[in-house]
Amino acid sequence: MKSNRRNFIKLAGLAGAGFAGSSIESFARYSSMIKNPDLPGQIREYSQSHRQRFNMSRFAAPKIENVRVGIIGLGQRGPAWARLMRQIKNVRIQALCDIVPEKAQKLKEQLEVHGHNPDLYFGNSEAWKKMCERNDLDLIILTTPWYMHASQGIFAMEHDKHVASEVPAAATLDECWQLVETSERTRKHFMMMDNSSYRSFQLLTLNMARKGFFGRVVHGDCAYNTSKMRNNFSRNMYWDMWWLRQYADRRGNIYPTHGLGSVCQIMDINSGDRLDYLVSMESDDFMMQEKAQELAREDPFFNSFAGKKYRGNMNVTTIRTKKGKTIMLQHDATSPSPHNVIHGIYGTKGAALYDPQPPRISTGNHKWASQEEFNSLEEKYTPGIIKRMGELAKDSGHGGSDLLIAWRLVDCLQNGLPPDKDVYDAASLSSIVPLSEWSVLNRSNSIDIPDFTAGAWETNKQNMDINLEKGGSAGLIL
Ligand SMILES: NC(=O)c1ccc[n+]([C@@H]2O[C@H](COP(=O)([O-])OP(=O)(O)OC[C@H]3O[C@@H](n4cnc5c(N)ncnc54)[C@H](O)[C@@H]3O)[C@@H](O)[C@H]2O)c1
């Protein structure tokens, strides 16, 4: 039994190392491992042997008055995170890393105008390690392609840094386990920056759920549905066409965390309930290969993409929780539908729906609340974090959620408070990536979702202090 687990870790470790280089060969090797038909056996084995080393839920690390930051990956999200961090008082952007030197240099010049003078790391795929080895950084922000987050985050925690990772946090189940084991052993925070759960309607409904407005929450609908065809096929949007390669080489829901994060928060996942098992079903691809072939007729650059088989256009994953609730999660990155995260919450006494807009709330009688009723519910249930920060954050990215999540992360670090989301949240949400893939590849059979808390979910207290009972003191540079 033990040797199976060891072999699995060994294989996954190899995958992580090879995959960061992004060669076609390592993709193929990686893909064949993820399709491993004995994933359910390995989950059972792991669950039987896993013991929690230390409970990171509600763990408060010592306060850090001046937060010294390093950022890895400076494409679209890295510079966005640099902009957010430079707007918060007592934050110093001390180091930047990208494989492409020009990206690091350009961001440094932009930051210098604002009084930051970061050291640069670039030029090869492992330059980030040198940056993580420095002893004058408190927080590493990961804005590289998501299949690199776990190996970079684990290395950073091993080098005494807290980590804030873009979404998702891991590409394999083994990486999810390793994130948990490393965070518990090093007592370093690993927070996945699931900004979608900081949108004001999502926070409003979380507060309403906690105050009992929905009665007992029974079901949640969520999604990341948006057409990324133009972006994914653009030659100069993403580094090394990494998103297109992911859609070609993987199956299942490869972007589950937007949407699922806020529903899990409302359902007290990892603090009173937990994700139990899932079933995932996927359509065929009716668009991507055709698009690749069309582009290849004009541009030989796309020849290597024209022969690939792509992930299906629509993935639907259903999840059941230990306490009997259900979740429907979709991912569609191709069909020409407007952006939609759904965020449908259904309880015994009330319901809410965010997308398609406008956001709505119901208490029954076959109708949604009138605008007047909605406004008075909003006034009654708006949580403290929105009252304090909503107006200031509203012009930042993703409906204001970007500055809210960045500010709250720094606020928790500066005040020595537990972060709003912990490594168990990062692992359980990210585990949907490999688990949905396994289910799709195995005729939609069900598969267990590991308990990354090793039983502590039953007694863990809720995280995400949306009423700012503690902290709330981080300042902004306006
Ligand atoms: N939370 C959100 O709303 C949101 C929105 C967009 C993207 N994302 C996530 O953010 C992450 C980054 O996405 P993006 O759109 O910025 O991608 P991108 O391709 O624009 O940027 C990735 C950057 O990483 C760099 N990089 C690649 N390998 C590296 C290495 N070994 N060392 C250092 N740098 C390396 C690339 O040069 C590139 O600049 C992804 O995980 C994505 O899922 C989140």
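## From one lysine to the whole fold

Lysine 108 touches Leu96, Pro118 and Leu120, leaving aside residues up to four places away in sequence. Contact here requires C-beta atoms, placed from the backbone, within 7 Å of each other. The model is predicted: local features need pLDDT of at least 70, side-chain atom pairs count only at pLDDT 80 or more, and totals for chains, interfaces and linings use all residues. Numbering starts from 1 along each chain as its sequence is written.

Lysine 108 sits in helix α5, residues 101-112. Helices (H or I, at least four residues) and strands (E, at least two) are DSSP runs, numbered from the N terminus. Asparagine 207 is 99 residues from lysine 108 along the chain, and their C-alpha atoms are separated by 40 Å.

Now the whole chain. The protein chain holds 19 helices and 14 strands. Its C-alpha trace spans about 60 × 55 × 50 Å along the principal axes. Of its 478 residues, 50% count as buried. Among contacts with a separation of 6 or more, 76% link residues 24 or more positions apart.

Next, the sheet. Eight strands form an open sheet in the order β13-β12-β11-β7-β10-β9-β8-β14, with mixed pairing. β13 (360-362) and β14 (447-448) stand at the edges with a single partner strand each, so one side of each has no neighbour in the sheet. Pairing requires at least two bridges found by DSSP between two strands. β8 (residues 275-282) and β14 run antiparallel, joined by two bridges. Leucine 278 has isoleucine 447 of β14 as its bridge partner.

A helix covers part of this region. Helix α12 (residues 257-266) lies across β7 (217-225), β10 (326-332) and β11 (344-347), and runs at about 165° to β7. Axes are lines fitted to C-alpha atoms, for helices over the stretch in contact, with angles from 0 to 180 degrees between N-to-C directions.

Last, the ligand. It is surrounded by 25 residues, the closest being Gly73, Gly75, Trp146, Glu166 and Trp239. A residue counts as near if its C-beta atom, placed from the backbone, lies within 6 Å of the molecule. The shell divides into 13 nonpolar, eight polar and four charged residues. Nonpolar means Ala, Val, Leu, Ile, Met, Phe, Trp, Tyr, Cys and Pro; charged means Asp, Glu, Lys and Arg; the others, Gly among them, are polar.

Terms used: Two residues are in contact if their C-beta atoms, placed from the backbone, lie within 7 Å. A residue is buried if 20 or more other C-beta atoms lie within 10 Å of its own, exposed if 12 or fewer, and partly exposed in between; C-beta atoms are placed from the backbone.
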